[in-house]
Amino acid sequence: MRKFLLSMAVVALAIPALAEGYNKKVKIGDQAPTFAGIPAYAPNGEETSLTLSDLKEDVVVLVFLGNHCPAVQAADDRIIDFASDYKDKPVKLVAVSVNDVDQDRLPGIKEHMKEKKINYVYGYDESQAIGRAYGATNTPHFFVLDKERKIRYIGSMDDNVMNEAKATKHYLRDAVDALLAGKTPPVEETRPQGCGVKYKNN
Amino acid sequence: MTLPFPRRIFFTSLAAGVLGVSMIASAPAQDAASGGVKLQPMKWSRFKERLADKKVKFTLVDVWATTCGPCKENFPHLVEMHRKFADKGLGVISLTLDDPTDTKAVAAAEKFLQEKQAAFTNVLLDENYGDGYDRLNINTIPAVFLFGPDGRELKRFTMDDPDHQFTYEEVEKDVAARLAAAAPASK
């Protein structure tokens with residue numbers, strides 16, 4: 001009997017910890033880090049700000065973007081389509097950039113929003129605090145929050161950021177649809193794709 | 001002294017032996033093609049095998065791509081580390097995650113490596129574009145890995161933690177310390 005128990009103990013110790021997700025700062029089920037007063041532009045060009053507690057929709061999609069990034073440029077239309085497709089549902093997509101890159105700051109954002117007819121609020125956090133809090137490592141990098149503002153999906157929009165035609169798995173839509181139906185997203189986390197985010201003063 | 005076989009055979013085989021030894025002696029630990037820098041496509045499994053190298057104390061792998069500006073900015077540090085530490089037992093490999101089916105990107109990668117005088121092993125990961133991130137378990141590049149002579153990962157330097165994104169200064173410090181502490185490489 002003792003030998004059996006000892007061998008079980010060895011097996012228990014040998015089982016490795018559950019594999020980490022792809023995010024060093026937050027995990028599925030965590031309360032989403034709050035953010036407030038991030039300067040932003042509305043689709044109509046008006047100045048506004050991003051504050052998590054101001055958002056009343058059941059599902060919030062926070063996406064980290066950057067104008068200069070080819071992956072974001074490739075995903076732009078898909079994100080616009082998403083915002084448009086879900087406009088009559090209790091879902092709100094908001095975007096933020098934390099990139100220390102000229103093109104990615106507020107003036108560039110305003111310009112870009114006009115050019116591409118962006119249909120969501122898009123802000124810029126100079127301090128990069130929101131990026132650090134969410135562990136945003138790429139652009140685009142998606143975080144889906146439920147009604148309680150718990151993080152329920154993290155990662156990519158689909159399985160091919162550079163080429164929409166080659167995307168076969170639509171993680172973001174599946175996650176949002178599941179939450180709207182009161183269910184758990186079938187895939188809760190994927191590796192983000194796209195350009196890296198550089199944080200200042202590391 | 002009588003030779004055990006005819007003199008011509010003796011001298012021919014001696015010459016062949018000397019030639020063979022001198023060829024082996026002149027080939028460096030890394031696969032630098034003489035008179036040029038080259039980029040070798042490699043499947044992941046072959047790349048993993050290549051990481052094990054008993055001729056060095058450690059192997060440093062720099063993961064980059066032509067589409068990654070910060071990676072290209074870092075690259076001279078890799079070249080510098082090769083210059084400084086190759087004869088102290090550091091093997092150096094560059095690994096590009098450029099799309100192997102994109103002939104323009106591959107040509108650009110080769111051009112870049114030649115411009116930077118990357119006189120060490122340069123690998124193009126020959127898998128589906130994007131697979132490299134999952135294989136290496138990284139979200140983004142640049143990224144640097146250190147492997148032991150058995151190909152086992154010893155340390156990674158990544159951009160994946162916003163609160164601790166690596167610098168090459170950190171990489172060099174770590175490598176220098178390890179080389180100083182390590183026993184001589186087995187020949």
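## Disulfides

A disulfide is a pair of cysteine sulfur atoms within 2.5 Å. This model is predicted, so local features need pLDDT of at least 70, side-chain atom pairs count only at pLDDT 80 or more, and totals for chains, interfaces and linings use all residues; side-chain values use heavy atoms, with hydrogens and water left out. Residues are numbered from 1 along each chain as its sequence is written, and chains are lettered from A in the order in which they are written. Over all chains, the structure holds two disulfides.

## The link in chain B

B:C68 bonds to B:C71, with 2.0 Å between the sulfur atoms. The torsion about this S-S bond is 75 degrees, and the link is right-handed.

Burial is set by relative accessible area: under 20% is buried, over 50% exposed, and in between partly exposed (1.4 Å probe, protein chains only). B:C68 has 8% and is buried. B:C71 has 0% and is buried.

## The link in chain A

A:C69 and A:C195 form a disulfide with an S to S distance of 2.1 Å. The link is right-handed, because the torsion about its S-S bond is about 95 degrees. Helices (H or I, at least four residues) and strands (E, at least two) are DSSP runs, numbered from the N terminus. A:C69 and A:C195 are both buried.

## The A-B interface

Contact means heavy atoms within 4.5 Å. By that rule, 17 residues of chain A touch 13 residues of chain B. The two chains, A and B, bury about 1300 Å² between them, and 43% of that is on carbon and sulfur atoms. Buried area is the accessible area (1.4 Å probe) that two parts lose on being put together, summed over both.

## Polar and charged pairs

Three salt bridges join chain A and chain B. Each pairs a side-chain nitrogen of Lys or Arg with a carboxyl oxygen of Asp or Glu within 4 Å. One of them is between A:K25 and B:D163, at 2.6 Å from N to O.

On the side of chain A that touches chain B, the elements giving two or more residues are α4 (129-134) and β9 (195-196) of chain A. The residues on that side of chain A are six nonpolar, six polar and five charged. Here Ala, Val, Leu, Ile, Met, Phe, Trp, Tyr, Cys and Pro count as nonpolar, Asp, Glu, Lys and Arg as charged, and the others, Gly among them, as polar.
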